[in-house]
Amino acid sequence: MIVPVSYYLVLGAILFSIGVTGVLLRRNAIMVFMSIELMLNAVNLSFVAMSRALDSLDGQVFVFFVMTVAAAEVAVGLALIVAIFRSLGSADVDDAHVLKG
Amino acid sequence: MERFLAQNWTVIQPALFLVFTGLIVLLVDLWLKEEEREWLAYFSLVGFGGAGVIVVRQWLAVRGLETPITGFGGMMVLDTLGLLFQMLFFLVGFLAVLLAPGYLTRRRLQRGEFYALLLFSTAGMSLLAGAQDLIMLFLGIEVLSIPLYILAGFARPRLDSEEASLKYFLLGAFATGFLLYGTALLYGATGTTAFEALRASEAAAAPRENVMFMAGIALLLVGLGFKISMAPFHQWTPDVYEGAPTPVTAFMVAATKAGGMVALIRLLYWGLGPADDVWRPLLGVLAAVTMTWGNVGALLQRNVKRMLAYSSIAHAGYLLIGVLSGGVGFVAVLVYLLIYALTNLGAFGVILLLEDGEREALDIESYRGLARFHPGAALLMSVFLLSLAGFPPTAGFFGKFLLFTAGISAGLTWLVVVAVLNSVLSVFYYARVIVKMYMQEPVETPAFSRSWLVAGALAVAAVGVVLLGLYPTVVVRLITA
């Protein structure tokens, strides 16, 4: 059985929406970050599915770039979260509220 | 083959130069003691200067060409617009490095990564300036942003800096998600990521019949809107600009905005030109909202860094008028960004001077009676603030004049009216600081730290602001020649 491309695109859209919801609702920085990763991977899924449907390689190439950049972002992001956990004793984004006005 | 390579390397030569300088800075840093690290600043100055020489030479070579040079299979282009933007980035980088060493030493933050990250971030902007493909757009934005996430938190373990960094990072990555999804949808609708093919695609010719294409444009605007702090995606700006170390804030205010603007211009005009009836009205409304929101926000601030952050949001709104005007508008955007960069670097330079190891002059009250203690600093600050407000004969006036005339000639009269009203509103909060400095009694002796490098940067900024105000047409003629 061949799964139609539209299924993948819908799945990608659903995953992306779950990711967005997670970013907006979650308060723990790690969870927020994981939701962002979910968004990026939803994008990757859409890219690969479209690449297959359009019979063009550009989408697959793009996925490689997304993965590389996401890896760099993970390295920076986790370091930042660890740093703020050390000085705050919590990774809750609501606990970080020195800056306001 | 050789010819092919030569052409490709030429296109990314300035970015390569910056990256190599950054790598050398990282390497040399290992052998230096803390008190010797100031040398890295001088070395990065050479990096920015060298990259500047490269782009000026490329600009002189490219100026007369009919068809611009492209590289990497059409993914990058070497044209005058991109090169002029790169000159701007390198000038901002140069001046930001001048602001940094004294501050970093006082705060015990003198680490080599600072200069390397600044160089890497500028390399990202340099790539962005020539982007002709959605892949390059994405890569440029990320290379620009990731070093800035770290730089915002450079004053670790200060909580405000860490918080700024975390907020910038989380919201920045969130915006990247939108940008990427928009890219994916555009790719799905047209089957290509290259700007040239996007422009020629069927979907771009009749965008309203293609939901995927429309959604892609909207999501891309969200992602880029975040980078230039366009309302309603500007929420991170005041927090990040307040918490980040002051030299980093100065760099971000001036350079990131320019990087975001060039990305927007490339995408909208080179990639989505035929679909302009979709994004034009949308961006027009957002521009009006952005400038109003920024100015009203700035009115309510008591912290000078936050005030300048909100003012930078308002300026993003003004700049969008130039982006929307196209053609002449690009010249206006470039000149405005140059003036805006000099002015902001100057203002943040003065903020930097008014601090020592512990105390810093961030609250507006700490500017009371400044003119009595440091007349020079107060005078410079006044010039910069007046230029931001757009008073003649400072350069800010001329910049606004260029933008607004470009807007009117493009038929955006309503937007220009909103912008002029906003400029009037903005005078209040800029003038408030000046009034504090000249007309009120001081509460305490302000902190002050002398630095020749900062003085140099301030001199360049002040001379630039005054000269561009007095002889405005020179730079326009130079650009359009």
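Colleague: In which helix of chain B is the place of Gln58(B)?

Modeller: Gln58(B) sits in helix α3 of chain B, residues 38-62. A helix here is a DSSP run of H or I with at least four residues, a strand is a run of E with at least two, and both are numbered from the N terminus. This is a predicted model, where local features need pLDDT of at least 70, side-chain atom pairs count only at pLDDT 80 or more, and totals for chains, interfaces and linings use all residues. Residues are numbered from 1 along each chain as written, chains are lettered from A and ligands numbered from 1 in written order, and side-chain values use heavy atoms, without hydrogens and water.

Colleague: Why does Gln58(B) count as buried?

Modeller: Its relative accessibility is 7%. Buried means under 20% relative accessible area, exposed over 50%, and partly exposed in between (1.4 Å probe, protein chains only). So Gln58(B) is buried.

Colleague: Which residues does Gln58(B) touch, not counting those up to four places away in sequence?

Modeller: Thr10(B), Gln13(B), Pro14(B), Leu78(B) and Leu83(B). Contact means heavy atoms within 4.5 Å.

Colleague: What makes Gly73(B) exposed?

Modeller: Gly73(B) has 78% relative accessibility, so it passes the cut-off for exposed. Gly73(B) lies in the loop between β1 (69-71) and β2 (76-78) of chain B.

Colleague: Which residues make the nonpolar surface patch?

Modeller: Ile24(B), Leu27(B), Val28(B), Leu30(B), Trp31(B) and Phe43(B) make a patch of about 640 Å². Patch residues have over 30% relative accessible area and no salt bridge; nonpolar side chains (Val, Leu, Ile, Met, Phe, Trp, Tyr) are joined within 5 Å, like charges within 9 Å. Helix α2 (residues 13-29) gives the most, three residues.

Colleague: How many residues of chain B are in contact with chain A?

Modeller: 42 residues of chain B are in contact with 45 residues of chain A. The two chains bury about 3600 Å² between them, 80% of it on carbon and sulfur atoms. Buried area is the accessible area (1.4 Å probe) that two parts lose on being put together, summed over both.

Definitions and conventions. Areas by Shrake-Rupley, 256 points an atom, 1.4 Å probe, with all protein chains shown as cover. Salt bridge = Lys/Arg side-chain N within 4 Å of Asp/Glu carboxyl O.
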